[in-house]
Amino acid sequence: MLQTGNSLTRLAIFDMDETLVSSDFVWAEAAEKLLSSRMIDNDTDYSAMFYSDGLSSVVSSLQSRFFQDYEKSDIFALLSSIAEKGYLEQVTLKTGAAAVIEKVRKLGCLTVILTANRKRLYSIIRNRFPSLAVDKWFSAMDLELSKGDCHIYDIIALYFGLRPDECVLFDDSEYALLGARNAGLLSICVSNGEMESSPVADYTIASLEDFREDMLCV
C-alpha cells in the first residue's frame, strides 16, 4: 500500500483514447482496432475480431465492399482513411482533460501522452485540441510494444532519465494499468464511472475531474 508522503511523482503518462478523449464512433473505432492488431492474416481473422466485439454489421459491410481481390496493403490504407475520418469529425475532449494536465504540470511534473494509435491519428488529436500541451507523445505501435508490457514504461522513464517509480500512469484499461504496476509505476484508473475500484491500480477515479494532487505523492 502506498503511503502519502513528500516525494512527488515526476512524470505523468496519460492514455489518450477514452481517458483524455472520447472516440465513441463504432465505424472508425472498429477500423482502428484492426489497424492496431498484430494477428491479421486473412479475412477470417478480421471477421473473428469484429464478431467477437459485436461489430458484425461493420465487418459485413467492409468484407463485401473492400476485402475481395485486395492486397493487404490496400486494406490497411482503407482502414486508415476510415479511422482518420472518424477522428477528424467525431472525437471529443473529455471533461477535465486539459485541466488535469495543466494541474500536473504546475506541480512540476513532466507530462506525456501514450497511445496505441498510429502517428497520423494522434497528430489529428494534437491539432484539434492544442490545450493538450504535453512534453512528449509516444505511440505504443511505434515502440513495437503493448501498453500491457512493463518494458514500455521502462523505455519512457529512461527517455527522461527517470526511474519507473518516479512515474504515474492515467489509463482506463486494466491491461495497461497492470503493465504499469509490473513496471513499478504509480497508477490511476480513470474508470469513466464503469467500476468502483480497479484491482490493479493504486487509485480509481470516476473521471479526470476527481483527480487530487495528493495522488502524486508516495
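**Close-up views of a predicted model**

**View 1. Strands β4 and β5 in parallel pairing.** β4 and β5 pair in the parallel sense over four bridges; strands pair if DSSP finds at least two bridges between them. Strands (E, at least two residues) and helices (H or I, at least four residues) are DSSP runs, numbered from the N terminus. Threonine 115 has serine 139 in β5 as its bridge partner. From β4 the chain crosses through α6 to β5, and this β-α-β crossover is right-handed, that is, with the strands pointing away from the viewer, the path from the first strand over the helix to the second runs clockwise. This is a predicted model, in which local features need pLDDT of at least 70 and side-chain atom pairs count only at pLDDT 80 or more, while totals for chains, interfaces and linings use all residues. Residues are numbered from 1 along each chain as its sequence is written, and side-chain values use heavy atoms, with hydrogens and water left out.

**View 2. The open sheet.** Six strands form an open sheet in the order β5-β4-β1-β6-β7-β8, with parallel pairing. β5 and β8 stand at the edges with a single partner strand each, so one side of each is left without a neighbour in the sheet. On average, neighbouring strands of this sheet are turned by 20 degrees against each other, direction ignored. Axes are lines fitted to C-alpha atoms, for helices over the stretch in contact, and angles run from 0 to 180 degrees between N-to-C directions. β1 and β4 pair in the parallel sense over five bridges, and leucine 11 stands opposite leucine 110 in β4. β7 and β8 pair in the parallel sense over three bridges.

**View 3. Strand β4 and the helices across it.** Five of the six residues of β4 (residues 110-115) are buried, so this strand is largely enclosed by the rest of the structure. Buried means under 20% relative accessible area, exposed over 50%, and partly exposed in between (1.4 Å probe, protein chains only). α5 lies across β1 and β4, running at about 170 degrees to β1. α6 lies across β4 and β5, running at about 150 degrees to β5.

**View 4. The largest nonpolar core.** This core has 33 residues, and Phe14, Leu20, Ile125, Phe170 and Phe211 have the most contacts inside it. A nonpolar core is a set of buried Ala, Val, Leu, Ile, Met, Phe, Trp, Tyr and Cys residues joined through side-chain atoms within 4.5 Å. Leaving aside neighbours within four places in sequence, phenylalanine 170 is in contact with residues including Phe14, Ile188, Val190 and Phe211; contact means heavy atoms within 4.5 Å.

**View 5. Salt bridge between aspartate 171 and lysine 147.** The closest N and O atoms of this salt bridge are 3.2 Å apart; a salt bridge is a side-chain nitrogen of Lys or Arg within 4 Å of a carboxyl oxygen of Asp or Glu. Aspartate 171 lies in strand β6 (residues 167-171) and lysine 147 in the loop between α7 (140-143) and α8 (150-159), so the pair ties together parts 24 residues apart in sequence. Aspartate 171 is buried, at 1% relative accessibility, and lysine 147 is buried, at 5%.

**View 6. Salt bridge between arginine 105 and aspartate 135.** Here too the closest N and O atoms are 3.2 Å apart. Arginine 105 is partly exposed, at 36% relative accessibility, and aspartate 135 is partly exposed, at 37%.
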